[in-house]
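The stops below go from the whole chain to single residues.

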Amino acid sequence: MNPHFSIILITYNEQIHLPATLDAVAGLGAPLFILDSGSTDDTIKIAEDHGATVAQNMFVNHPQQWHHALSTFKIDTPWVICLDADQQVTPELFELLRTFNDTDHKDTNGIYFNRKNYFKGRWIKHGGYFPFYLLKMFRTDVGYSDLNEMMDHRFIVPGKTEIWKKGYLKEENLKENEINFWLEKHLRYSDQVAYEEVERMRGARSQTIEPRFWGSPDERTAWLKRLWWKMPRYSRSLIYFSYRFLFKLGFLDGRTGVIFHFLQGFWFRLIVDVKIDELLKKAKDDRQQV
């Protein structure tokens, strides 16, 4: 049994992803923990066949689900790795983890993995999508889920962090090969993002991470999000898409990449702005009726 780290995943109907994800880390000998939210396919069987400890919890959003996982499972290792079901450890990252020793990172509390994101079988290499660093590994009693976020889940780790630029995490949601799945999922996400931004306008929600452009990857993201919230709605989606497509060379990702950058960088964010206005109008109408 790996004495250095355990691995946690959250799942819902992930039989299409889970075998490859678990097979990729099987040789590490790490304890496996899976928090499921009511899967009706073979997800649970696959998890148990791989020796995972499985628990159930009703899904509200990703930050709350990760909070439940981190506070419920009994983790005996000093480190924990948190993966989505569609995130596979590549052979290069496997080697880094296989040789990982806690004593070599005694002053570190968290480690960022470099993600390769795939859409419809194509690696999205441009448009600001690579390199892309995710805080996925941290000390068990130090890291926690950021509950000030509703849709973009991230982990908070006080203190020193490291960035592993090599040894990639491959992320490919095979369900998104059907465009209706992608559209329906992002329509649901747009509800959460719009509601969250309206709450921030009202001062009811704040950022946990200190925004710093020259800080960690998450601190830079926080700085960029704060800038985003100050930009005028509707035009900001066009500005962002143009930035990704032209300045960050998104057009080099080919036809599939162009579809992805348009949908994720423009369409999704335009829908969010429309829903923000709908929420603000509804709140105004409700006040006038009082």
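**Whole chain**

Select the protein chain: of its 290 residues, 49% count as buried, where buried means under 20% relative accessible area, exposed over 50% and partly exposed in between (1.4 Å probe, protein chains only). This is a predicted model, in which local features need pLDDT of at least 70 and side-chain atom pairs count only at pLDDT 80 or more, while totals for chains, interfaces and linings use all residues. Residues are numbered from 1 along each chain as its sequence is written, and side-chain values use heavy atoms, with hydrogens and water left out.

Switch to a cartoon view. The chain has eight helices and 11 strands; these are DSSP runs numbered from the N terminus, helices being H or I of at least four residues and strands E of at least two. The radius of gyration is 20 Å, close to the 19 Å of the globule rule for 290 residues, so the chain is as compact as a globular protein of that length. That radius is taken over C-alpha atoms, and the rule is 2.2 Å times the number of residues to the power 0.38. Along the principal axes, the C-alpha trace spans about 60 × 50 × 40 Å.

Among contacts (heavy atoms within 4.5 Å) between residues at least 6 apart in sequence, 74% join residues at least 24 apart.

**The cores**

Next, select F5, I7, I81, V89, L97, F113 and M137. These have the most contacts inside the largest nonpolar core, which has 26 residues. Such a core is a set of buried Ala, Val, Leu, Ile, Met, Phe, Trp, Tyr and Cys residues joined through side-chain atoms within 4.5 Å. Elements giving two or more residues to this core include β1 (5–11), α1 (18–25), β4 (79–84) and α4 (91–98). In soluble globular proteins, nonpolar side chains tend to be buried together.

Centre on I7. Leaving out residues up to four places away in sequence, I7 touches V25, A30, P31, L32, F33, I81 and L83.

Which loop holds L28? L28 is in the loop between α1 and β2. L28 is buried, with a relative accessible area of 8%. Its partners, not counting residues up to four places away in sequence, are N2, F5, F94, L97 and R98. The C-alpha atoms of L28 and L97 are 7.5 Å apart, although 69 residues separate them along the chain.

Move to K120, in the loop between β6 and β7. K120 counts as partly exposed, at 37% relative accessibility. With residues up to four places away in sequence again left out, K120 touches E176, N177, E178, I179 and T256.

**Backbone geometry**

Select F130 and P131: the peptide bond from F130 to P131 is cis, with omega near -5°. P131 lies in the loop between β7 (122–123) and β8 (133–139).

Go on to Y234, in the loop between α6 (217–230) and α7 (235–247). Y234 is not a glycine, yet its phi is positive, about 75°. Its relative accessibility of 34% makes Y234 partly exposed.

Finish at L249, in the loop between α7 and α8 (254–289). L249 also has a positive phi in a residue other than glycine, near 65°. At 35% relative accessibility, L249 is partly exposed.
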